[in-house]
Amino acid sequence: MPDRSASDEPRTPRVCVLAPTPLLTVTIEPPTSEESHPEVHVHAGGQGLWVGRMAVSLGADVVVCGPFGGETGTVLAHLAEVERLRVRPTAYAGGNGAYVHDRRDGDRREVAETPPHPLDRHELDDLYGTVLVEAMDADVTVLTGADPARILPAAVVGRLARDLRAAGRTVVADLSGRAAAAFAQAGGAVLKISHEELVDGGFVASDSLDDLRGAALRFVEQGLDAVVVSRAGEPVLIVTAGETHEVVPPPITVVDHRGAGDSMTAGIAVGLGRGLTLAEAVRLGAAAGALNVTRRGLGTGRREQIERFARRVQVRPADGGAGS
C-alpha cells in the first residue's frame with residue numbers, strides 16, 4: 001500500500017451498522033499504582049457498536065441502527081453518541097442487556113449479566129425499516145449478529161440482505177450459524193466469519209486450510225462475492241470464485257483478543273467505502289484487528305497507527321508466493 005500525502009486524504013465513507021443487541025458494559029480494571037484505586041469503565045458495547053466504534057476511529061461517518069430501551073438503553077444511546085456514533089434507535093419495550101466484568105486479577109471474570117429481551121414483531125419491523133432506509137444513503141452497510149442469536153431471526157437477515165442486494169448496496173456481514181447461511185443464500189456481498197464459527201456452525205469438519213477454503217467456496221457458489229475467514233493467530237483467508245489469498249500481519253503480543261474480529265470487519269467496511277479493492281480493504285481490517293488486541297478497549301484504535309501498520313500487512317496467494 002503506497003504512502004499517502006496530505007492531498008491524498010481518503011474520502012470519508014458513510015457506514016450504516018445494524019446492531020441488533022447493543023450492550024451496556026462495565027469493566028473493573030486493576031489500579032495503575034499501589035496508591036490508586038481500581039478503575040471502573042462504562043461503555044456502549046455489543047458487536048454492532050464495537051464495529052461502529054472502530055469505523056469512527058478510521059474516519060467514517062457511522063450510523064448505528066438498533067433497539068434501545070429501558071434504563072440501559074437510555075445510557076447506551078448517550079454513550080454511543082458521545083463516541084460520535086449517530087444512533088437511529090428502534091423503540092424497545094424490553095430493554096437492552098448489560099454485563100459487569102472484573103479484570104483486577106488479570107483475567108476477565110463475569111460478576112453479573114443481564115440478557116437482552118427478545119424483540120416483538122413490531123420492533124423487528126421497525127428495526128428492519130430503519131436499517132433499510134439508512135442503508136440507501138450509506139456507502140457500505142454492515143450486518144452484525146445478535147447475541148443470543150434468537151433476538152434476530154435468520155430469515156430477517158436473509159430478507160434484508162436480498163433487499164439491499166436488489167438495491168445495489170455494498171454490504172459486509174459479520175455473522176455466524178443460521179444467520180450466516182441465510183446471508184450467503186441471499187448472495188452478492190462479503191461475509192466475514194471466523195474459523196471457530198465455521199466449525200461450530202457445522203459448515204466444516206475441521207479447521208484445516210482445505211476445509212475452511214472449501215466451506216468458503218461453497219458460500220461463494222451460492223452467490224457471495226467473497227468470504228473472509230479470520231483464523232486467530234493464523235493468516236486471514238480471502239476466498240473468491242477465482243482465487244484464495246492469505247493476509248498476514250506482523251506478529252504481535254496479545255493483551256486481549258476480544259474485539260479483534262469486529263475491528264477487522266470495521267476496517268473492511270471502511271476500506272470498501274473508500275473505494276479500495278477487497279484485498280486492500282482486508283489489509284486495513286487485518287491491521288485494525290491486530291492493533292486492537294494490543295489494547296484493553298474493544299473496537300478501539302488510532303487511525304494513523306492502523307493505516308501505517310496496514311503497510312506492513314502482506315497479501316499473498318494461499319499456496320505461497322510473493323506478498324503484495
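A residue counts as buried when its relative accessible area is under 20%. By that cut-off, Cys-16 is buried in this predicted model, because its relative accessibility is 1%. Cys-65 has a relative accessible area of 0% and is therefore buried as well.

A disulfide is a covalent bond between the sulfur atoms of two cysteines. The structure holds zero disulfides. For Cys-16, the nearest cysteine sulfur is that of Cys-65, 4.0 Å away. For Cys-65, the nearest cysteine sulfur is in turn that of Cys-16.

Gly-66 was considered next. This residue is found in strand S4, which covers residues 61-68. Gly-66 has a relative accessibility of 0%, so it counts as buried. Beyond its neighbours within four places in sequence, Gly-66 is in contact with Ala-19, Arg-88, Pro-89, Thr-90 and Leu-127. Val-17 lies 49 residues away from Gly-66 in sequence. In space, the C-alpha atoms of Gly-66 and Val-17 are 8.5 Å apart.

The chain as a whole was then described. Its secondary structure comprises 10 helices and 14 strands. The radius of gyration is 19 Å, close to the 20 Å that the globule rule gives for 324 residues, so the chain is as compact as a globular protein of that length. Along the principal axes, the C-alpha atoms fill a box of roughly 50 × 50 × 45 Å.

Of the 324 residues, 52% count as buried. Contacts between residues at least 6 apart in sequence were also sorted by separation. Of these contacts, 67% join residues at least 24 apart.

Surface and charge complete the description. The accessible surface of the chain comes to about 14,400 Å². Carbon and sulfur atoms account for 49% of that surface. The chain carries 33 positive and 43 negative side chains. The centres of the two charge sets lie 4 Å apart.

Key. Residues numbered from 1 in each chain as written. Predicted model: local features only at pLDDT ≥ 70, side-chain atom pairs only at ≥ 80, totals over all residues. Heavy atoms only, no water. Helix = DSSP H or I, 4+ residues; strand = E, 2+ residues; numbered from the N terminus. Rg over C-alpha atoms; globule rule 2.2 N^0.38 Å. Buried < 20%, exposed > 50% of the residue type's maximum accessible area, 1.4 Å probe, protein only. Contact = heavy atoms within 4.5 Å. Areas by Shrake-Rupley, 256 points an atom, 1.4 Å probe, with all protein chains shown as cover. Lys, Arg positive; Asp, Glu negative; His and termini not counted. Charge placed at Lys NZ, Arg CZ, Asp CG, Glu CD. Disulfide = S-S within 2.5 Å.
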